[in-house]
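Thanks for coming, everyone. Please have a look at the structure on the screen, and then I will talk through how its parts meet.

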There are 2 protein chains.
Amino acid sequence: MNEIIKALKSARLEKKLKQSELGGKLGLPQSHISKIEQGATDPRLSTVTDMARLLDLELVLVPRAMLPAIQAMIRGEREEQTPRWQLDEEADR
Amino acid sequence: MNEIIKALKSARLEKKLKQSELGGKLGLPQSHISKIEQGATDPRLSTVTDMARLLDLELVLVPRAMLPAIQAMIRGEREEQTPRWQLDEEADR
DNA sequence: ACAATAAATATGCTATAGCATATTTTTATG
DNA sequence: CATAAAAATATGCTATAGCATATTTATTGT
């Protein structure tokens, strides 16, 4: 499944929006959001950018060479809820 | 004009590819590349991702909050041809 | 288990992306 | 300039995105 579509679906869920709500804001029927999220359709660029922006995301073209660095940067965000590591001693005290 | 489309066109020129060559690799007629670059058509997501990859680019979804940081990072690359600043003394000697 | 709500599917229709081919216009080069 | 090459436009056709509406299939809550 397409990475971008997957990310858009996650973002929608993260924001606790229903397909019908997102569709409403976009002027698309819920059925269409469903098809897009299912990968049952190959949406137009404008549809994807509009959807992204409603979810506080932006579509960007990145040189492949710097992809890992940028993805790490993006992962960095949000995950500061649960630390990724912890000192051996004194943990949880 | 759409930023992504603009970036794709720049990348094609940077790589010194003709519309017909890019189209050839993609299995699209030159006329279609022209329409896309002119903004005369709203291409499908798959068309844009395919085109990007042939140009060593990847389409990525970025949280709007970190857009400036990431764009700075991207600008950083490649521009090491002409330095952005220079010491007052001893310049060009 | 039932009712209510959300999500996924289905269908028929319209608009348009994309294909193939041909022509015109623009840009380089001698 | 003239000529060649590249890019932009044009046209007719096919495939499919997207719209509207309706139905079916999960999910969730009581």
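This is a predicted model: local features need pLDDT of at least 70, side-chain atom pairs count only at pLDDT 80 or more; totals for chains, interfaces and linings use all residues.

Between chain B and chain A there are two salt bridges, a salt bridge being a side-chain nitrogen of Lys or Arg within 4 Å of a carboxyl oxygen of Asp or Glu. Arg64(A) forms a salt bridge with Glu58(B), where the closest N and O atoms are 2.4 Å apart.

Residues are numbered from 1 along each chain as its sequence is written, chains are lettered from A and ligands numbered from 1 in the order in which they are written, and side-chain values use heavy atoms, with hydrogens and water left out.

Turning to the interface as a whole, 30 residues of chain B are in contact with 30 residues of chain A, contact meaning heavy atoms within 4.5 Å. The area buried between the two chains is about 3,100 Å², with 72% of it given by carbon and sulfur atoms; buried area is the accessible area (1.4 Å probe) that two parts lose on being put together, summed over both. Of the area that chain B buries against chain A, 24% is supplied by Leu45(B), Leu61(B) and Arg64(B), which is more than any other three residues supply.

Finally, Leu8(A) touches Val48(A), Met51(A), Ala52(A), Leu55(A), Leu57(A) and, from the other chain, Leu61(B), if we do not count residues up to four places away in sequence.
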